[in-house]
Amino acid sequence: MYKIINITDRAGNVKETFIKELRQMHPDMKGLLLYPLSTAQRLCFVWADKSEKMLRTSPIESYKEDVYTVTVITENSIYTLERVK
(Lines give C-alpha, C1' and ligand atoms only; values in the text may rest on other atoms or scores of the structure.)
Protein backbone atom coordinates (compact mmCIF):
# COMPACT_ATOMS: atom_id res chain seq x y z
CA MET A 1 0.00 0.00 0.00
CA TYR A 2 1.11 3.56 -0.67
CA LYS A 3 0.28 7.05 0.56
CA ILE A 4 0.52 10.09 -1.68
CA ILE A 5 2.70 12.56 0.20
CA ASN A 6 3.27 15.18 -2.50
CA ILE A 7 2.21 16.22 -5.99
CA THR A 8 4.00 18.93 -7.94
CA ASP A 9 4.00 20.23 -11.47
CA ARG A 10 7.04 19.46 -13.60
CA ALA A 11 8.71 22.67 -12.39
CA GLY A 12 8.46 21.51 -8.77
CA ASN A 13 5.57 23.77 -7.72
CA VAL A 14 3.26 22.04 -5.25
CA LYS A 15 -0.23 21.47 -6.64
CA GLU A 16 -1.88 22.68 -3.44
CA THR A 17 -5.43 22.99 -4.79
CA PHE A 18 -5.34 19.51 -6.32
CA ILE A 19 -3.91 17.97 -3.13
CA LYS A 20 -6.58 19.73 -1.05
CA GLU A 21 -9.34 18.36 -3.31
CA LEU A 22 -7.92 14.84 -3.07
CA ARG A 23 -7.66 15.07 0.75
CA GLN A 24 -11.30 16.13 1.00
CA MET A 25 -12.37 12.97 -0.85
CA HIS A 26 -9.62 10.63 0.41
CA PRO A 27 -8.38 11.94 3.81
CA ASP A 28 -5.73 9.29 4.41
CA MET A 29 -4.42 9.54 0.80
CA LYS A 30 -3.72 5.78 0.79
CA GLY A 31 -4.20 3.35 -2.04
CA LEU A 32 -2.81 0.58 -4.19
CA LEU A 33 -1.12 0.58 -7.57
CA LEU A 34 -3.37 -1.15 -10.08
CA TYR A 35 -0.44 -2.05 -12.34
CA PRO A 36 3.32 -2.31 -11.81
CA LEU A 37 5.06 0.96 -12.66
CA SER A 38 6.24 1.14 -16.24
CA THR A 39 7.19 3.95 -18.59
CA ALA A 40 4.56 4.80 -21.21
CA GLN A 41 1.90 3.39 -18.84
CA ARG A 42 -0.18 5.56 -16.56
CA LEU A 43 -0.08 5.63 -12.79
CA CYS A 44 -3.37 4.02 -11.75
CA PHE A 45 -3.81 4.56 -8.01
CA VAL A 46 -6.87 2.82 -6.54
CA TRP A 47 -7.98 4.59 -3.37
CA ALA A 48 -8.06 2.38 -0.25
CA ASP A 49 -11.39 3.70 0.95
CA LYS A 50 -15.07 3.19 0.21
CA SER A 51 -15.10 5.62 -2.73
CA GLU A 52 -14.38 2.90 -5.32
CA LYS A 53 -12.42 5.54 -7.27
CA MET A 54 -9.04 5.60 -8.92
CA LEU A 55 -6.55 8.34 -9.73
CA ARG A 56 -5.26 7.93 -13.30
CA THR A 57 -2.40 10.14 -14.45
CA SER A 58 -0.91 11.17 -17.75
CA PRO A 59 1.68 8.70 -19.11
CA ILE A 60 4.69 7.93 -16.93
CA GLU A 61 7.98 9.23 -18.29
CA SER A 62 10.18 7.86 -15.51
CA TYR A 63 10.07 6.65 -11.93
CA LYS A 64 12.48 6.04 -9.09
CA GLU A 65 11.97 3.62 -6.20
CA ASP A 66 13.85 3.29 -2.95
CA VAL A 67 13.09 1.49 0.29
CA TYR A 68 10.54 4.03 1.56
CA THR A 69 9.36 6.14 -1.36
CA VAL A 70 8.47 6.08 -5.02
CA THR A 71 8.72 9.15 -7.23
CA VAL A 72 6.73 9.01 -10.45
CA ILE A 73 7.29 11.61 -13.16
CA THR A 74 4.42 11.86 -15.62
CA GLU A 75 3.96 14.13 -18.63
CA ASN A 76 2.30 16.74 -16.39
CA SER A 77 3.21 16.11 -12.76
CA ILE A 78 5.53 14.53 -10.23
CA TYR A 79 3.96 12.24 -7.62
CA THR A 80 5.76 11.19 -4.45
CA LEU A 81 4.38 8.07 -2.77
CA GLU A 82 5.39 6.60 0.57
CA ARG A 83 5.21 2.87 1.19
CA VAL A 84 2.93 2.13 4.15
CA LYS A 85 1.70 -1.02 5.84
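Student: Where does S51 sit in the fold?
Tutor: S51 is in the loop between β3 and β4, the latter covering residues 54–65. Keep in mind that this is a predicted model.

Student: Which side chain does S51 make a polar contact with?
Tutor: With the side chain of D49, at 2.5 Å.

Student: Switching to salt bridges. How many are there?
Tutor: The count is two salt bridges. One of them joins the side chains of E61 and R10, with an N to O distance of 2.9 Å. E61 belongs to strand β4 and R10 to the loop between β1 and α1 (16–25), so this pair ties together parts that are 51 residues apart in sequence.

Student: How accessible are E61 and R10?
Tutor: Both residues are partly exposed: E61 has a relative accessible area of 41%, and R10 has 40%.

Student: And which residue does E65 bridge to?
Tutor: E65 forms a salt bridge with R83, and the closest N and O atoms are 2.7 Å apart. That pair links distant parts of the chain, with E65 in strand β4 and R83 in strand β6 (residues 77–83), 18 residues apart.

Student: What about accessibility for E65 and R83?
Tutor: E65 is partly exposed at 43% relative accessibility. R83 is partly exposed as well, with 30%.

Student: Let's talk about T74. Which strand is it in?
Tutor: T74 is in strand β5, residues 69–74.

Student: Why does T74 count as buried?
Tutor: Because its relative accessibility is 0%, and the buried class takes in anything under 20%.

Student: What does T74 touch, apart from its sequence neighbours?
Tutor: Leaving out residues within four places in sequence, T74 is in contact with R10, T57, S58, P59, I60, E61 and Y79.

Student: Why edge-to-face?
Tutor: A ring pair is described by the distance of the centres and the angle of the planes. The F45 and W47 planes are 85 degrees apart, and angles over 60 count as edge-to-face.

Student: Are those two buried or exposed?
Tutor: Buried in both cases: F45 has a relative accessible area of 0%, while W47 is at 6%.

Student: Last one. Which residues form the nonpolar patch on the surface?
Tutor: L34, Y35 and M54 form that patch, and together they have about 300 Å² of accessible area. Y35 lies in the loop between β2 (30–33) and β3 (42–47). On its own, Y35 is partly exposed, with a relative accessible area of 47%.

Methods:
Residues numbered from 1 in each chain as written. Predicted model: local features only at pLDDT ≥ 70, side-chain atom pairs only at ≥ 80, totals over all residues. Heavy atoms only, no water. Patch = residues over 30% accessible without salt bridge, like charges linked within 9 Å, V, L, I, M, F, W, Y side chains within 5 Å. Areas by Shrake-Rupley, 256 points an atom, 1.4 Å probe, with all protein chains shown as cover. Salt bridge = Lys/Arg side-chain N within 4 Å of Asp/Glu carboxyl O. Helix = DSSP H or I, 4+ residues; strand = E, 2+ residues; numbered from the N terminus. Buried < 20%, exposed > 50% of the residue type's maximum accessible area, 1.4 Å probe, protein only. Polar contact = N/O pair within 3.5 Å; in protein donor to acceptor, adjacent residues only side chain to side chain. Contact = heavy atoms within 4.5 Å. Phe/Tyr/Trp six-rings, centres within 6.5 Å; stacked < 30°, edge-to-face > 60°.
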